[in-house]
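These are my notes from going through one model. I wrote them in the order in which I looked things up.

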Amino acid sequence: MSDAPKKNPALVMIEKGDYEGAFNALSQSLAINNEVFGPQSAEVAEDHRNLGVLYYRQMQFDNAKTHFATALAMDKKLFGDMDPQVAVDLNNLANAFQEMGDLENARSMFSQALEIDQEVYGKESIEASIHLSSLAGIAFRLKDFKTAKKLYQQALKINIKVNGEKDSETAILHSSLGSVAEAANQFEQAVIHYQQALSIARMVFGGQHRYVASVHNLLGNVYLKQKNCEKAISAYEKALKIDRVVYQNQPHPTLARDLNNLGAAHEQSKQYGKALQKYEEAASILTKLLPSNHPYIRGIQDNFKRVQGYLSQNN
């Protein structure tokens with residue numbers, strides 16, 4: 001039996017957050033591969049692709065775009081326009097364009113990647129499903145909810161056929177369809193999709209997982225829009241309970257989000273004392289993690305002051 005291929009050490013460093021180490025390793029690799037294999041080699045293209053991943057993770061999207069585009073141009077010359085590696089490069093470049101707000105270029109790149117992978121792997125392949133989901137995300141950001149729903153449904157159908165109902169991507173796609181329904185003010189439909197996502201996520205991840213908590217939060221958001229404060233509070237409390245376990249009750253932005261959501265639900269139900277307590281706790285967490293003038297902190301402080309005003313009016 002042959003050994004499984006080893007992961008590039010620089011990518012392992014990126015996953016661990018050692019960005020400086022990854023940059024040094026990739027810069028050294030690029031210099032060596034340029035010398036040994038030549039500047040138009042597959043090895044150099046891989047170095048550019050990995051540098052793109054590094055910059056993307058650091059949210060330096062312009063630098064990421066440059067390296068992804070370089071890898072794409074090289075791979076097209078090496079393998080031809082319809083090679084799966086070209087589809088990977090197109091997908092990477094599309095993600096960078098998307099983060100930079102250039103949705104039209106992102107959509108074009110995702111569409112080209114979809115065309116390649118449908119040709120190579122088939123129209124009902126997981127690769128095709130991934131690109132359909134990405135295109136749905138672009139449509140969602142453009143507020144084209146009809147197209148987003150159609151594309152997410154296509155991706156979901158493929159994913160269920162290939163991987164079955166009990167699959168993490170199936171849960172995520174149900175959640176995405178819930179977000180589309182919620183944005184279109186179809187709240188009952190949103191709840192159905194979020195509950196399906198929650199049920200699958202519990203089977204896949206277990207009850208104490210951050211994705212399970214995130215779906216509870218999504219449900220809470222819809223319930224709050226429906227002005228069902230009791231259900232919203234229950235959903236947010238479940239999310240907070242899970243996230244306290246996940247993050248071992250250490251300061252984390254997710255805990256602040258959960259507490260802020262709970263504060264909003266208590267505020268809407270006119271339980272101002274409880275709302276004040278949750279906002280205060282959320283602000284306390286964020287002040288340990290972010291600069292004092294960060295917009296997230298200012299937003300929660302504004303919530304706190306508003307509720308203080310309500311309490312002073314009632315006294």
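Entry 1. I looked up E104 in this predicted model and found a relative accessibility of 46%, so E104 counts as partly exposed. The cut-offs that matter here are under 20% for buried and over 50% for exposed. I then checked the partner of E104, which is R107; their side chains meet in a salt bridge, with 2.8 Å from N to O. R107 comes out at 31% relative accessibility and therefore also counts as partly exposed. Both residues sit in helix 6, which spans residues 103-121, and they are 3 residues apart, about one turn of the helix.

Entry 2. I asked how many salt bridges the structure holds. The count is 10. I note for the record that side chains of opposite charge can pair when their charged atoms come close.

Entry 3. I went to R257, which forms a salt bridge with D258, and the closest N and O atoms are 3.0 Å apart. Is D258 buried or exposed? D258 has a relative accessible area of 0%, so I list D258 as buried. R257 has 34% and is partly exposed.

Entry 4. I looked at R306 and E267, whose side chains meet in a salt bridge at 2.7 Å, N to O. R306 belongs to helix 15 (residues 295-314) and E267 to helix 13 (residues 253-268), so this pair ties together parts that are 39 residues apart in sequence. For R306 I read a relative accessible area of 33%, which is partly exposed. E267, at 11% relative accessibility, counts as buried.

Entry 5. I followed the salt bridges that share partners and found one network that joins R49, D75 and D89. D75 lies in helix 4, residues 61-79. The relative accessible area of D75 is 1%, so D75 is buried. Which residues does D75 touch, leaving out those up to four places away in sequence? I list A45, R49, G80, Q85, V86 and D89. The network partners R49 and D89 are therefore among the contacts I wrote down for D75.

Entry 6. I turned to the largest pocket, which holds about 260 Å³ of space. Its lining is made of 14 residues, and S133, S134, G137, Y152 and S176 lie nearest the centre of the pocket. Helix 7 (126-141) and helix 9 (168-183) are the elements that give two or more residues to this lining. Helix 7 gives the most, with 6 residues. I sorted the lining by type and got 5 nonpolar, 7 polar and 2 charged residues.

Entry 7. Last, I took totals for the chain. What does the secondary structure come to? I count 15 helices and 0 strands. The C-alpha atoms fill a box of roughly 75 × 45 × 40 Å along the principal axes. The chain has 315 residues, and 42% of them count as buried. Of the contacts with a separation of 6 or more, 54% are between residues 24 or more positions apart. The chain exposes about 16800 Å², and carbon and sulfur atoms supply 50% of that area.

Key:
Residues are numbered from 1 along each chain as its sequence is written. This is a predicted model: local features need pLDDT of at least 70, side-chain atom pairs count only at pLDDT 80 or more; totals for chains, interfaces and linings use all residues. Side-chain values use heavy atoms; hydrogens and water are left out. On a 1 Å grid over the protein atoms alone, a cavity is a set of points where a 1.4 Å probe fits but cannot get out, and a pocket is an open set with protein on both sides within 12 Å along at least five of seven lines; lining residues have an atom within 4 Å of a point. Grid points are joined across faces, edges and corners, and a volume is the space filled by probe spheres set on the points. Helices (H or I, at least four residues) and strands (E, at least two) are DSSP runs, numbered from the N terminus. Ala, Val, Leu, Ile, Met, Phe, Trp, Tyr, Cys and Pro count as nonpolar, Asp, Glu, Lys and Arg as charged, and the others, Gly among them, as polar. A salt bridge is a side-chain nitrogen of Lys or Arg within 4 Å of a carboxyl oxygen of Asp or Glu. Buried means under 20% relative accessible area, exposed over 50%, partly exposed in between (1.4 Å probe, protein chains only). Contact means heavy atoms within 4.5 Å. Accessible areas come from the Shrake-Rupley method with a 1.4 Å probe; for residues, only the protein chains shown count as cover.
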